[in-house]
Amino acid sequence: MTQYGYRIFAVELYEGAKQKAQPFGAAQQQKNGDSEFPAVDYRDIAVSDVKERVGKIYSFGIGYESGEDAHAGEVSGTSMRFTEATRIGDRVRLKLEHGVMNADGILVDPREEDSAGETLRGKSTLHNYRACLVAKEDSKRAVVAVEVRGRSCPIESVLKGLHKASSVPWRLRPLGHVAGQAVMEEFIRTARIGRVQFDKWSYSDDGARERREVSMSVLTNVEGETVRDHVLTWMRSYFGFEPEPWPTKAQVEQLAASRTNAPKPSRKEKAAARKELNAEVRKARAEGKRDTAMHEAQSVKEDIFVDQVVDIDFNDVGVELSNGDVSRTVRPTTDFRRFTYALGHTAPTDDAFFRAAEATAASLLSLVQDLRLD
C-alpha cells in the first residue's frame, strides 16, 4: 500500500553564476554594465515564473533524490510540469505533475480486452504532487517541503523546474543534508526508544547479505538514553561523511588507455573502464558499511548487557524509535537523509498536505539558518 508523506530540504538562492547566496525577500541580480537591477522578492518572482509556464514540460535525467531507481520498468529520465503556484505570506505553494520517462512498456485500457495498446517508449507517466517553500524576507536559507508517494520524491524536478522557468535564471541550490540533519536531530532526541534488535548475518562472496543466522530483540529500560546516544552518533557520523570517491574523468581515461593499444580509447572502452572503477567504489563502500555495523553492534551489546555474557558475534543492530506519529528503525548504516513525515495511505487533501508540511517547514526555518554544512 502506497505511503504518502513529505520530505524537508534546505535551499539557498543564487542568481546565475553569482556565488553569493541572496536573501529571499531582497534578491539582487548581477549588474548589467553600469546598470544595477532593483532588489526583488524571489517568492513573488517564483510564483510569476511558474504561472507564465504552467503546463510546459521539462525533462531531466534520473537524479539522486528522485527515488525512481525502484521503478518496475526501464526508465530513461524524469519529466515534470507545473500546474499551479500561489503565495500566502511567507509561503509559496506549488502544484506539479512529475514522473518517469519510459524506455519500454505498453499503455493499455484493461477494460478493452482486444486493445493492442500504445507503446510508452519515450513518453512520460506523470502523477500529481505538491510542494511548498517557506522563507522570511531576510532568510538566506529557505525550507522546502515536497510531497512523497511511496519512495518517489520529486525534489529535483521542483528545483530544476523552477530554474528552467526562470528567465534570470534564479537557482535554488539544495544544501546537502542540512535540513535532514535538523529533522533527524529533533526526531531522535524526542522519540521513545523501543526495541533494540541484534542480528548476525552471513554474506555471499560479493558482500551481499545472504542469510540471517541469529536474531535477538530486547526492550530497553535504564539503557534507553545510552542507546539514544549511540543513535545520535550514527546520525552525526552520517551527516559528516566524506563524498564517495567516484572515478574522475582522468582516472577513467587512464584505465581505458591501459587496456587498449589504440592512440585514443573509444567511447565503449571508456564506458567499460568507468563501470569497472564504479564497481570497485561500491565494493569498498559495502565493506566499510559492514565493518561499521559490526563494530556498533558489539558496542551497543556491551552497553546493554553490562553484567551479562552474550557470546554471539552480532554484526548488525537496529533501534526502534517512535514519536507517536512516526515510527522508524534505524541502524548504523541508515540513510538518515531520507526521513519522511507520514500522512497516511491515501492521498491527503490540499489542506491537509499544506497545513502539515508548512508547519514543519516553519518550525525548522530558524534552525537551518545557522546549521553548519559539513
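Okay, let's start with Y6: its relative accessibility is 4%, so Y6 counts as buried, where buried means under 20% relative accessible area, with a 1.4 Å probe and protein chains only. Quick caveat: this is a predicted model, where local features need pLDDT of at least 70 and side-chain atom pairs count only at pLDDT 80 or more, while totals for chains, interfaces and linings use all residues. Numbering runs from 1 along each chain as its sequence is written, and side-chain values use heavy atoms, leaving out hydrogens and water.

So who does Y6 pair with? Searching the whole structure turns up seven aromatic pairs, meaning Phe, Tyr or Trp rings (six-membered ring for Trp) with centres within 6.5 Å; planes under 30 degrees apart are stacked, over 60 edge-to-face, the rest tilted. In one of them, Y6 and F353 have ring centres 6.2 Å apart and planes at 90°, so that pair is edge-to-face. It links distant parts of the chain: Y6 is in strand β1 (residues 4-15), F353 in helix α7, 347 residues apart. Helices and strands here are DSSP runs, H or I of at least four residues and E of at least two, numbered from the N terminus.

F353 also pairs edge-to-face with F354, at 5.2 Å centre to centre and 70° between planes. Both of those Phe residues are buried, and Y6, Y341, F353 and F354 make up one aromatic cluster.

Now, α7 itself. Its buried residues include A357, L364 and V368. There's also a kink of about 40°, centred on L364; the bend is the angle between axes fitted to the seven residues ending there and the seven starting there.

Definitions and conventions: Buried < 20%, exposed > 50% of the residue type's maximum accessible area, 1.4 Å probe, protein only.
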